[in-house]
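Please look at the sequence and the model together, and follow how charged side chains join separate parts of the chain.

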Amino acid sequence: MKKSRLGKDPLGQSPPGAVADSLDWISDSRTDEEGRVEPTRPSEDGPGKKHPKNAIILSGGGALGAFEVGVLKALINGRSPATNHTPLPIDIATGTSVGAFNAACMALYEKPVRAVENLERLWVDRIADHSGQGGNGVYRFRPPALAWKHPEHMARHPLELLTQFGEDSMFLTRDWIKRGIGMLQSGEPLEHRAMEMVDLSSFVSTEPLQRVIREAIPLERLRQSRMRVKIVTTDWESGEAAVFDQDQLNDDMGHDVILASTALPGFFPPVSISGRTYCDGGLVMNTPTMPAIEAEADIIHMIYMDPDVREIPLARFRNTLDTFDRMLTIQFAMNINRDIEQIGRINDGLAALDVGIAGASTSDDTQTRSFIKSAGHVIRRQAASNRPYRKLQVHRYHPTEDLSGVLGLLNFGQDRIESLIARGEQEAEGHDCEKSGCILAD
């Protein structure tokens, strides 16, 4: 199987550029929902020039994905100092886990304002847990033991509860029989075989999320979007990142790719696609910055849900959940900082290239080393496009304090979802580049 620069070529298909050649008409015009042809957004650099490409990077975080919605609302409506209070046009969207769902939804409408309005409605009406739908739109437990929390829904749909109970009983019975047979046939020590009987994901159904994804994301519209979309998953067998372009999301497996990117191992079941098993992309790339750079992004708006580790107070009494939460935050922060350092090297490399083009010389060893380290990215960006190279800019948006802890990732209560959206708006509206550690153009 082929390898892509970002990990595995998921299906061994043609590279994204080869597919995109057949969709060149999209770059000139497209039809709106009523069939009218809409012109492309004019260049911001004037006639005949290429405008800087803006990318949004959307990380994983379960219910905290609502925070991303709030940040996007502020950016797209021109309410953030990060964009000089002008509406943000979006050319590229990359997403992991819940960020993959958000990224796909943002590409469904020509106008970003309509896209983010639709995304907010989906979160409040379809994903949030409220009595109108008898639970959240992401997962439910097997059997439906929490149905009693929504008596009004139970009264209106009594057969639905009975059907779920019957289907869940059959599913769990088959699962336990299969595991029991495996336990008897295994040659592993008894303790190991006993542990194989335990799988929390067997008691979790993602049917609600599957339904939302199928109904909310029309794949044909996603494939034809002018916005470039990249969905990150983890190949469970190889442990590598598998990055899917929207062109690869065909009708047979496109929805499964988005579902796989959200499949947190141990809680949500993995997803089989074309004979391989995929799960949450956050395992290897929770903030997918490099796919956006490979897509020729110039200005990156990185939205993630992890606070500064220093802002999380140590628990008075050490406990497993607090330890796990801090461990994940440290790991994700390390990966983000690594990406930021890589971007800094690319910019230093471009500066060194400028010096070389100008015919000057430099004794700055740091610039020289940075150019060598970033040369691959610089050369690929130049080879893929006739656009002039630009130094990368990065704006970072994230909460200043821990919003939830580990268990909060699964709390989809309606009041909380609306609160998280409001928090995201506040973060973007009060954005301070210096405090956030943004990388700005010279």
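Arginine 226 counts as partly exposed at 27% relative accessibility, where buried means under 20% relative accessible area, exposed over 50% and partly exposed in between (1.4 Å probe, protein chains only). This is a predicted model, in which local features need pLDDT of at least 70 and side-chain atom pairs count only at pLDDT 80 or more, while totals for chains, interfaces and linings use all residues. Residues are numbered from 1 along each chain as its sequence is written, and side-chain values use heavy atoms, with hydrogens and water left out.

The side chain of arginine 226 meets that of glutamate 110 in a salt bridge of 2.3 Å, N to O, the term denoting a side-chain nitrogen of Lys or Arg within 4 Å of a carboxyl oxygen of Asp or Glu. This pair links parts of the chain 116 residues apart, arginine 226 lying in the loop between helix 9 and strand 9 and glutamate 110 in the loop between helix 3 and helix 4; helices (H or I, at least four residues) and strands (E, at least two) are DSSP runs, numbered from the N terminus. Glutamate 110, at 25% relative accessibility, is likewise partly exposed.

A further salt bridge joins arginine 126 to glutamate 215, with the closest N and O atoms 2.9 Å apart, and it connects helix 4 with helix 8 across 89 residues.

Arginine 228 and aspartate 245 also meet in a salt bridge, at 3.7 Å from N to O, which links strand 9 to strand 10. Here arginine 228 is partly exposed, with a relative accessible area of 31%, whereas aspartate 245 is buried at 4%.
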